[in-house]
2 protein chains.
Amino acid sequence: MKKIKGVIFDLDDTLYNSSEFVNIARREAVKSMIDAGLNINFDKAMEILNRIIKDKGSNYGKHFDDLVKAILGRYEPKIIATGIITYHNVKVALLRPYPYTIKTLLELKNFGLKLGVLTDGLAIKQWEKLIRLGIHPFFDDVITSEEFGLGKPHLEFFKYGLDRLNLNPEETIYVGDRVDKDIQPAKELGMITVRILKGKYKNMKDDVSDYQIKNIYELIDIIKKLGGNK
Amino acid sequence: MKKIKGVIFDLDDTLYNSSEFVNIARREAVKSMIDAGLNINFDKAMEILNRIIKDKGSNYGKHFDDLVKAILGRYEPKIIATGIITYHNVKVALLRPYPYTIKTLLELKNFGLKLGVLTDGLAIKQWEKLIRLGIHPFFDDVITSEEFGLGKPHLEFFKYGLDRLNLNPEETIYVGDRVDKDIQPAKELGMITVRILKGKYKNMKDDVSDYQIKNIYELIDIIKKLGGNK
């Protein structure tokens, strides 16, 4: 086995609790919009919002505009602005890395490993999360699907990530939470795969990943065993 | 003279210090982008940014994208995200009404007057400011140029604002900071005009306005004199 030279991480639900944060932020935003005059009960509003998110995708910028339009039949900037402010306030308050994330990243850097993030999403939005999480200085590169034009689970996207970091698959560990979008393609390319059991996909069936961990700090032992520490 | 029934306010630089806030927010954002790798000196960066704002208008959503592109010749989401976060943090920290604004609005409501805001700009952005300023509950209506399709100094926009509030011009006081965009058109329609000497236009030549005030609370005396208090 080759010596480990780098680690590539997924971002959402791998380095921080994205599922929980987004859930809370959306719910609080909807509550604040109801308080601002969106005349509907909470569960019904969440049902409509979830349908809009499903239809338009999570990177669509006007979920709250559409929600208000669907419920009131008109443009109501006061209510939309209320939702945006609440969502943003919750984001600022809740965006924190999982426990042991910074300690782990620090030790990985001390091992002399290259570190990268490979994530679906809009580049500025994903960078905003990394900066607010306070972990961006640890990464040698951050690769987003927006920049590449194709996202997970496309193998080309993972290859592009390896190229950007100048890493070969067999000397690289990939860490992600999803079997289908993270582990499967990374494994297929010959990377060593570590699945982190976090977020809404933590109970997904998995007979693919090389390792499963509950806490990111377990990575350190895996790398020591594989010979990635200098 | 008819009894005063309502007061319409401009927003930026009339109810809060927009010039100062935007200046500080942009400067701090540029400093943070330089710290994040935007390799240029500060004055030069501000010069380029100011040119972009002049060319594209202040409601263009990608000033920092263009700035980074102009300086580095490429898309650099990390630096753009850094600028956006800093701009936003400064906004949250500095967005406060001018002294005596809330006290004044409260007394005006106690007089039984209708209160409105008539402002150029994007509806959601202007509402976001009013909500963050904490003064939105005082206003019976907020009218933005985006919703109407035409902005200041178009007389139609002012007429539309009067209609929305169901006010006649001669029973309405208009309060704004700019002679050209606020006072002139309001006066032309027959409104009673009060110019607030605040922000970057405070030294503008003015032989139009009916009253000039340095502090918004002076409105109370003007209205008492004109007979707008119940």
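Analyst: In this predicted model, the centres of domain 1 of chain A and domain 2 of chain A, taken over C-alpha atoms, are separated by 30 Å. Domain 1 of chain A is made up of residues 6-16 + 97-226, while domain 2 of chain A covers residues 19-94.

The part to look at closely is helix 6 of chain B, and the place to begin is the contact between the chains. There, 15 residues of chain B are in contact with 15 residues of chain A. On the side of chain B that touches chain A, helix 4 (77-94) and helix 6 (123-133) of chain B each supply at least two residues, and the largest share, seven residues, comes from helix 4 of chain B.

The buried residues are Ala123(B), Ile124(B), Gln126(B), Trp127(B), Glu128(B), Lys129(B), Leu130(B) and Ile131(B). What do these buried residues pack against? Within chain B, their partners are strand 2 (114-119), strand 3 (141-144) and helix 7 (145-148), and from chain A they also meet helix 4 (77-94). The buried residues of helix 6 of chain B therefore pack against elements of both chains, where a contact is counted if two C-beta atoms, placed from the backbone, lie within 7 Å. Just after helix 6 of chain B, Gly134(B) takes a positive phi of about 80°.

Definitions and conventions. Residues are numbered from 1 along each chain as its sequence is written. Chains are lettered from A and ligands numbered from 1 in the order in which they are written. This is a predicted model: local features need pLDDT of at least 70, side-chain atom pairs count only at pLDDT 80 or more; totals for chains, interfaces and linings use all residues. Helices (H or I, at least four residues) and strands (E, at least two) are DSSP runs, numbered from the N terminus. Domain bounds come from an automatic or database domain assignment. A residue is buried if 20 or more other C-beta atoms lie within 10 Å of its own, exposed if 12 or fewer, and partly exposed in between; C-beta atoms are placed from the backbone.
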